[in-house]
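This report describes selected features of a single protein model.

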Amino acid sequence: MKTCPTSHLILSFLFISTFLFPLTHAAGGKWQLLVKSVGISAMHMQLLHNDRVVMFDRTDFGKSNLPLPNGVCRNNPNDTALKVDCTAHSAEYDVASNKIRPLFVYSDVWCSSGSVNPSGSLVQTGGFNDGERRVRVFDPCPTCDWKEIEFGLVNRRWYATNHILPDGRQIIIGGRREFNFEFYPKSGGSMNAHSLPFLVETSDGSAIENNLYPFVFLNLDGNLFIFANNRAILYDYVAGKIVKTYPTIPGGDPRSYPSTGSAVLLPLKTSKGQAVAAEVLVCGGAPKGSYVKAKGGTFVPALKTCARIKINDPNPQWVVENMPLARVMGDMTLLANGDVLIINGAGSGTAGWELGRNPVLNPVVYKPDNAVGSRFEQQNPSTIPRMYHSTAVLLRDGIVLVGGSNPHIRYEFTNVLFPTELALEAFSPNYLDSQFESIRPSIYSPQSQVTVGYGQMLAVRFSITGRIQLNSVSVTIVSPSFTTHSFSMNQRLVVLASENVRAVGTLKFEVQVTTPASGNLAPSGYYLVYVVHQQIPSEGIWVKIQ
């Protein structure tokens, strides 16, 4: 295959990207390079309640750039790339120190899924080859490492989706050629999987699929909203039946892997612990036929549309909006103030090895409470293309951590369009600008790591150096996500409406809110809690809900 110097290729594609997507007024946002190389490509990321981010790629990439410590090597005769490997394929990033700690993962975690359990441990499931039926557990402690359960799953789970449930279990849905779901941990040791015909119905055939990594959200009634390809159902996983079938997204184009769009459950607004509505937003993806065309060398422009639906309406309908920039393989991250950040991805092509083109360097902020036509704000661009296998997660300080990008079957750093990316960046949304310091809340009570119950009154005390608007104070709680392949599993933001805001001292205030009424609204576990004043969030604290 003919190659040309990487620098020329990157400049060419940056020029093409700018030509195809002319810049509009950027609302702001700042970029900072945190770590030039973490040694691995952050294909999967999860923030834990010790403010450390666990990340991993795949064991069969070959050698990474992160050595295992103390001469440790992984001896795995089943590995398809390297039987003896003395480098790490997982790492822990300490946000406070900006340091990386290599982690040891034995079996292949490629294209896997996960959830954080109620005790705060990351439970990761599946992968490829010898990892496809494994469960791996990572406990958040300074010296902890991965623990593996060889046959923790009934079926192979590769490109599956997980969601934490109100009872503390996680449900694992789908995966390549797996049209079923199962639970972990297993109830009474039962090793059963349950058929889900919807996954058969939404497949475009084994060569294309377009229904992997389905978008799954826990609804307010305890049922699951499951979106695959271009349509969705509301599913009662206890009774094993479809409760509601939603219309196909207008246009009918696929939004699931490999025609990869993204989706979020929009902020759930509560009154005295009860939510009043639930809406899902699906953005980007690739037109029908794009994957086959990309495999043949033709890269179709990505979708520019988002579709939004009120999932509990008697007659729910999709409302379509246009993004400023077309995007495939984008990530959608809920910000601390309830806005949605759309970041990473490409302007044409699809997910898959070497199948994306025209990196989209500008994030976009979506403001769900604005009127239609004024919801999108384009942000300042990164200089690093984040293509296939990129990730983004919200941190406690409101910054978004951005990593990953490796569209190659191995680590490739030269003579390719988009080299394997090992750098970590921070994107600071506009709400972190210094101009807002005087109205930014600072929480001083309760202390981080406090435990609260359901349906309880919670008093949060905070200070503000400037003038406060008492009617513009709320509290948000955010469940950090397991992010991979453009979908943030378990991501959830609940807005706790202020029931009383009062002064308790000079420049000190207290807001009283009611915690979520049940696990249907907020499954038990660790949440980031923010006080938001005039759309400017405080730094978060960790609160455990149980």
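Predicted model: local features only at pLDDT ≥ 70, side-chain atom pairs only at ≥ 80, totals over all residues.

Cys-73 and Cys-86 are joined in a disulfide, with 1.8 Å between their sulfur atoms. The link is right-handed, with 90 degrees about the S-S bond. Cys-73 belongs to the loop between β3 (52-56) and β4 (74-75), and Cys-86 to the loop between β5 (84-85) and β6 (90-94), so the bond ties together parts that are 13 residues apart in sequence.

## The other disulfides

Counted along the chain, the bonded cysteines follow the pattern 1-2, 3-4, 5-6. One of the disulfides connects Cys-141 with Cys-144 at an S to S distance of 2.0 Å. The torsion about this S-S bond is about 110 degrees, so the link of Cys-141 and Cys-144 is right-handed. Its two cysteines fall on either side of the 20% limit for burial: Cys-141 has a relative accessible area of 21% and is partly exposed, whereas Cys-144, with 17%, is buried.

Cys-283 and Cys-306 are also joined by a disulfide, S to S 2.0 Å. This link is right-handed, with 115 degrees about the S-S bond. The pair connects distant parts of the chain, since Cys-283 lies in strand β23 (residues 279-283) and Cys-306 in strand β24 (residues 305-310), 23 residues apart. Cys-283 is buried, with a relative accessible area of 4%, and Cys-306 is buried at 0% relative accessibility. Another cysteine, Cys-111, is buried at 0% relative accessibility.

## A four-stranded sheet

Four strands form an open sheet in the order β1-β34-β33-β32, and their pairing is antiparallel. The edges are held by β1 (30-35) and β32 (390-394); each has a single partner strand, so one side of each is left without a neighbour in the sheet. From one strand to the next, the twist averages 25 degrees.

The partner of β1 is strand β34 (residues 424-428), to which five bridges join it in antiparallel fashion.

The whole structure contains 11 cavities of 30 Å³ or more. The largest cavity has a volume of about 220 Å³. Its lining comprises 23 residues, and Val-116, Ser-479, Pro-480, Gly-525 and Tyr-526 lie nearest the centre. Strands β2 (44-47), β8 (113-116), β12 (161-164) and β44 (525-533) each contribute at least two lining residues, and β44 gives the most, with three. By class, this lining has 11 nonpolar, 11 polar and one charged residues.

The second largest cavity holds about 70 Å³ of space. Among the residues that line this cavity are Leu-47, Thr-333, Leu-334, Val-393, Leu-394 and Leu-528. At least two lining residues come from each of β26 (331-334), β32 and β38 (473-479). The lining of the second largest cavity has seven nonpolar, four polar and no charged residues. Strand β32 thus links two topics of this report: β32 stands at an edge of the sheet, and β32 also supplies residues to the lining of the second largest cavity.

Conventions. Residues numbered from 1 in each chain as written. Heavy atoms only, no water. Disulfide = S-S within 2.5 Å. Buried < 20%, exposed > 50% of the residue type's maximum accessible area, 1.4 Å probe, protein only. Pairing = 2+ DSSP bridges. Axes fitted to C-alpha atoms, helices over the stretch in contact; angles between N-to-C directions. 1 Å grid on protein atoms, 1.4 Å probe; cavity = no way out; pocket = protein on both sides within 12 Å on 5 of 7 lines; lining within 4 Å. Points joined across faces, edges and corners; volume = space filled by probe spheres on them. Nonpolar A, V, L, I, M, F, W, Y, C, P; charged D, E, K, R; others polar.
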